[in-house]
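Biologist: I have a protein model on my screen and want to learn how to read it. Could you take me through it, feature by feature?

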Amino acid sequence: MSQPHSVQSTRALALGALGVVFGDIGTSPLYTMKEVFGGHHLALTQDNVLGILSLIFWALILVVSVKYVLVIMRADNKGEGGILALLSLVQGQAPLHSKARWIIMSLGFLGASLFFGDSLITPAISVLSAVEGLEIGAPALHPFILPLALGILVGLFAIQRRGTASIGRLFGPVMLLWFAVLGVLGAIGIVQHPQVLAALLPIHAIQFFLNHGTAGFLILGAVVLAITGAEALYADMGHFGTRPIRLVWFGFVLPALVVNYFGQGALLLAEPAAVRNPFYMLAPDWALYPMVALATAATVIASQAVISGAFSVTRQVIQMGYAPRLVIRHTSAAAAGQIYIPFVNWTLAAGVALLVLGFQSSSNLAAAYGIAVTATFAIDTVLLALLMRVNWNIGPAPTLAGAAFFLALDLAFFGANAVKIPEGGWFPLVVAVAVFTVLVTWRRGREIVGTRLHERGLPLAPFIESLLAHPPVRVQGTAVFMTTDPSGVPLALLHNLKHNKVLHERVVILNVRYGEVPYVPAEHRLAVTKLGEGVFHVVVRYGFMDDVDIPKALAECPCGMNLDMMDTTFFLSRENLIPARGEGGMMVWREHLFATMARNAASPMTFFRIPPNRVVELGAQLEI
């Protein structure tokens, strides 16, 4: 019975992957061909149509199928994927010098920063391109396109706090219908003009470059729209597994996309006027409005996947120590990965709304799309090359050849998009630079704070000895003091002893550490050291995708006593940071930025799920 169960599980995962993984790349046919020919005013000759179709087909094969699906998806970090999981693999196993590690780490977090720029554009361009189909059948509806798109997007962000568990089960069937319709419509177009199948041969792509030169190269800036979302196949690998994603891609999604693109190409050869929106004009007149409804549903699902991805990446960078604590709410008791981060949600909502109002149409937004995606492609290739050489023990010649090949493709797409920076490509770059600045400033600021606290602190060993020599008054109960310096006495403990002149009968010095792995097994969660005099040093370890719950972890603590939360008090130290010029610091504007983030960070009680009525906060002033 195990085999049927395995097949059934694979089918369920495959259907789930359809609803999450392929939304972005699956909605690209809405605007790709329109932007290639309409946006670049490319003549609708047979050679040009075959050349573009060939470029799209081979981009899907080489970048998505070979690079991501067949190669990068081998780089699973305990089952998880994504640029941060790839980064942690390289960082964790590559014997790099400190400067090299910093460069690689910066590359990885730059890729994560670029993701946030892409997260703003994807919902805007996808939903706009879907509802623009309304004006194909009724041009009088044009004034309503923008308000309708904004309404859909605002509604999507508004429901995030409730979670998507209730409607998430519909995502797979809806996307199954979407890709099936893509294939059917494309097949109808191909049957009428089967000569477009010649574009499967790469000679047409090569001939296109030879005929158009520089202009042909710049067309890649629109062709790349067909492969946006490729990185999602790797990023969502942990949710569905490698096998279901590969099966769905090669067995269903890739054929549906290729057939639809070729069907649009056939339509353009037969009816050049269809260039204003070849996707919708491929459908029969009677099917236009149902197609708009289906396309809107598909783009909402694609947008939901991007928003959920932004929540997930934010949690990862927080737990890797590169961002301040934010309020993280779990929207499902059954699925730990379903989270909601209010600050990220409404920041994205504001950014998406500004994009829609500022760019007005999907064609204008296409100018801003692609630069962040292609930069991420290149960063993934660099990290992959390091992984191939160090972790997979592949020789230098094959590694260099593979990296050079994929990097040439990535940089070609990036270069073609770079010319669009003045037209809108600047937007995701500005967002990425801003996010990257926040990440590195927070990381550096926490290092400075750690150094200052260590300098002011008292070593733990002499403190334990002093308790034996000069025992203070002990009171009933357990006190938990959280610290980032495992070798020093927490400031909150010193302040409590100084001002209250008592010590609890059981003292737990708690150090929370995050590893360069997605998850830490339960059996490796805790490490307990008995220091004597009723003092314990407890280390709680989490991965960068683990759910943090300190009371739950301590409930399993083998400390030799039962930790009753009603008899336990958590003492937290909150530093009042004062920017000041000094050695080893940062530029003043970065110090102010760090201090502002620290003041507005979520309370440790909320982040660590500590009951508020069990917490005592003690302040400390600190110059940075």
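This is a predicted model: local features need pLDDT of at least 70, side-chain atom pairs count only at pLDDT 80 or more; totals for chains, interfaces and linings use all residues.

Modeller: Residues are numbered from 1 along each chain as its sequence is written, and side-chain values use heavy atoms, with hydrogens and water left out.

Biologist: What does the secondary structure of the protein come to?

Modeller: Helices (H or I, at least four residues) and strands (E, at least two) are DSSP runs, numbered from the N terminus. Here there are 26 helices and eight strands.

Biologist: What radius of gyration does the protein have?

Modeller: The radius of gyration is taken over C-alpha atoms, and the globule rule is 2.2 Å times the number of residues to the power 0.38. For 624 residues, a compact globule would come near 25 Å; the protein has 27 Å, which agrees. Its C-alpha atoms fill a box of roughly 95 × 55 × 50 Å along the principal axes.

Biologist: How many of the residues count as buried?

Modeller: Buried means under 20% relative accessible area, exposed over 50%, and partly exposed in between (1.4 Å probe, protein chains only). Of the 624 residues, 54% count as buried.

Biologist: Which residues account for the contacts?

Modeller: Contact means heavy atoms within 4.5 Å. Take the contacts with a separation of 6 or more: residues 24 or more positions apart account for 82% of them.

Biologist: Which residues of helix 8 are buried?

Modeller: An α-helix has 3.6 residues a turn, so residues three or four places apart point the same way. In helix 8 the buried residues are Ile145, Leu146, Ala149, Leu150, Leu153, Leu156 and Phe157. Seen down the axis of helix 8, they fall within an arc of 130° (the arc of the directions from the helix axis to the C-beta atoms), so they line one face. On the other side, Pro143, Phe144 and Pro147 are exposed.

Biologist: What about helix 25: which residues are buried there?

Modeller: Helix 25 (residues 588-600) has 13 residues and reaches 18 Å, close to the 18 Å expected. Arg590, Glu591, Phe594, Ala595, Met597 and Ala598 are buried. Around the axis they cover an arc of only 160°, which puts them on the same side of helix 25. Arg599 and Asn600 are exposed on the other side. The buried residues pack against helix 21 (421-456) and strand 7.

Biologist: Which strands does strand 7 join?

Modeller: Two strands pair if DSSP finds at least two bridges between them. Strand 7 (residues 568-578) runs parallel to strand 3 (residues 473-483), with four bridges. Phenylalanine 481 has phenylalanine 571 in strand 7 as its bridge partner. Nine bridges join strand 7 to strand 8 (residues 615-623), and these also run parallel. There, phenylalanine 570 stands opposite valine 615.

Biologist: And in which sense does strand 5 pair with strand 6?

Modeller: Strand 5 (residues 526-532) and strand 6 pair in the antiparallel sense over six bridges. Lysine 530 stands opposite phenylalanine 536 in strand 6. Strand 4 (residues 502-514) pairs with strand 6 in the parallel sense, over eight bridges. Valine 508 also stands opposite phenylalanine 536. Strand 6 (residues 535-542) is mostly covered: seven of its eight residues are buried.

Biologist: Which residues have a positive phi?

Modeller: Most residues other than glycine have a negative phi. Glutamate 533 takes a positive phi near 60° in the hairpin of strand 5 and strand 6, which has two residues between the strands. Lysine 501 also has a positive phi near 60°. It lies in the loop between helix 23 (491-500) and strand 4, and counts as exposed at 57% relative accessibility. Arginine 609 has a positive phi of about 60°. Its place is in the loop between helix 26 (604-607) and strand 8, and at 34% relative accessibility arginine 609 counts as partly exposed.

How values were computed: The expected span of a helix is 1.5 Å times one less than its number of residues.
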